[in-house]
Amino acid sequence: MPLAVHVQRDGGTGDMGDVNTIGAQDDNVGRVARFFRPGRFHLSWVRVHFSGSGSGTATLTLKLDSAHGTLWDVTLWTWTGAGIGSADVFFRIPQDELEHWIFQPGDELVYEWTNPDAGNINWGIETGLIDAA
Amino acid sequence: MADTKTWIGGTSTAYATAANWDTVTVPATGDTIIYNHQAQQGCLTGCDAGSDGHTYPKVIVTSGYKYGLAANGDPLDPTAITKLYWSSAFAGTSYLKGDIDDGTFESPTGEAGVVSIDGTLNHIALNGGKMHLTTNADLNSGDKLLVMTESRGVPSRLTIDSGVTLTTSHIVMNGGEIVTLAAPVTLTVNGGHAILRGTAAATLINIDGDGVVDWDSTGTIAMFHVRGDGLLRSIQYTRAKTLTEGHMYGNGRVDLRGKGGQLFTLTNGIFVHGANSPLFAPGSVVAVS
């Protein structure tokens, strides 16, 4: 049976997120490249597109910002050479593997990527999340 | 006589230069102003003096307009804009001042820039793109709503400075993200993500659908209702907070587990009306007064 996938998006021209930082309590900066659902959820797929006039690639990592604390902030996946030049990222998880990609309420998925040509490379992330039963 | 004037920027970036407008006259009260694909450069200078004192029934900025509008310290500053339609493809920041009675903001691309507004706003719809309400802005929605959605795949993002007046407003979110340092009186989140920061308080928060509110601020929440699959979280920071009363229904969740532990002063209580309404508060201290 098809599962309802919640597609979430973010984009920018600078660096992506940081698993250790969501901004100071007194600033009004939004969260960058962070994705979650209100309850338990599965990761279904990842799509990251790079565009713009800049050049260069860098390592893209997908990390868990665990609700339980930094002791459990594991790196889930690493893609080397992500950026300009046919270096988009598409990663999909087969349906029978979803049970291995389950996250708890309060967990967040964070993309980390240091822009090698900040301001000239645009990134756009789409992430498919499925609410867990 | 009221007219429609289109910015062409034929000779410079100066608002008050007649040759920069298609009719070779600078807009006056009652004119409709259009910024579109005909622009050869941005309308950036003299905007304050050039527009001050005028009322424009319509200001239209289309996706063909790829330049900035006005500048920091020199905003487009009419007395009032009756209706504003904004869809610029400019990636930087544009600056508006004065009252906007009815505004729709859309984003034609994922890299759309920020509209920085310092004025009194009524009935604003943000359908994708970024908006920043600066310190002196007044979101005077009254019985009208600020609607946040995601349009054409572009999330809406609204940032609100601490000095913004939200005293009569009812903010409704259907998607996107709000980060506010100012206190919304009533905040309804049917989808998307609202983040209260600094000392932002709230009189009433309604969460439904899959809406999420991060209560990162130290301000008091007087009342909340969490329904549907909604979530109220307070998990990132450790400063003490005060909650008067909360209600949970259906699958609505409340998560108060501070990573470093935090103290909540609870006046009336959190009332759980649904059998599936989980309340998490490990690591936190809830004091009932």
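**Entry 1: the interface**

Before I quote an area, a reminder to myself: buried area is the accessible area, taken with a 1.4 Å probe, that two parts lose on being put together, summed over both. I'm working from a predicted model here, so every value below is computed from that model. With that settled, I looked up chain B against chain A and got about 2,500 Å² buried between them, with 45% of it on carbon and sulfur atoms. I also asked how many residues are in contact: 33 of chain B with 26 of chain A.

Next I went for polar links across the interface. I found 11 residue pairs in polar contact between chain B and chain A, both partners at pLDDT 80 or more. Which elements of chain B give two or more residues to the side that touches chain A? I noted strands E14, E15, E16, E18, E20 and E22 of chain B. E14(B) gives the largest share, three residues. I sorted the residues on that side of chain B and got nine nonpolar, eight polar and 16 charged.

With that in mind I counted salt bridges between chain B and chain A, and there are six. One pair I wrote down is Asp10(A) with Arg157(B), whose side chains meet at 3.0 Å, N to O.

**Entry 2: salt bridges over all chains**

I widened the search to the whole structure and it gave 18 salt bridges. I picked out Glu108(A) and Arg31(A), which meet at 2.4 Å, N to O. Glu108(A) is in strand E8 of chain A and Arg31(A) in the loop between strands E1 and E2, so this pair ties together parts 77 residues apart in sequence. Are these two buried or exposed? I checked, and both Glu108(A) and Arg31(A) are buried.

Then I turned to Arg47(A) and Glu126(A), a salt bridge with its closest N and O atoms 3.4 Å apart. Arg47(A) sits in strand E3 of chain A and Glu126(A) in strand E9, so here the tied parts are 79 residues apart in sequence.

In chain B I stopped at Arg233(B) and Asp214(B), with closest N and O atoms 2.8 Å apart in their salt bridge. Arg233(B) belongs to strand E20 of chain B and Asp214(B) to strand E18, so the pair links parts 19 residues apart in sequence. Both Arg233(B) and Asp214(B) are buried. I followed the shared partners from there and landed in one network, which takes in Arg233(B), Asp214(B), Glu108(A) and Arg31(A), among others.

**Entry 3: a sheet in chain A**

I traced an open sheet of four strands in chain A, in the order E2-E8-E4-E5, with antiparallel pairing. E2 and E5 of chain A are at the edges with a single partner strand each, so one side of each has no neighbour in the sheet. I counted the bridges joining E4(A) to E5(A) and found six.

**Entry 4: Ser66(A)**

Last stop was the loop between strands E4 and E5 of chain A, where Ser66(A) lies. Ser66(A) has a relative accessible area of 3%, and the cut-off for buried is under 20%, so I put Ser66(A) down as buried. What does the side chain of Ser66(A) reach? I found the backbone nitrogen of His68(A), at 3.0 Å.

Definitions and conventions: Residues numbered from 1 in each chain as written. Chains lettered and ligands numbered in written order. Predicted model: local features only at pLDDT ≥ 70, side-chain atom pairs only at ≥ 80, totals over all residues. Heavy atoms only, no water. Contact = heavy atoms within 4.5 Å. Salt bridge = Lys/Arg side-chain N within 4 Å of Asp/Glu carboxyl O. Polar contact = N/O pair within 3.5 Å; in protein donor to acceptor, adjacent residues only side chain to side chain. Nonpolar A, V, L, I, M, F, W, Y, C, P; charged D, E, K, R; others polar. Buried < 20%, exposed > 50% of the residue type's maximum accessible area, 1.4 Å probe, protein only. Pairing = 2+ DSSP bridges.
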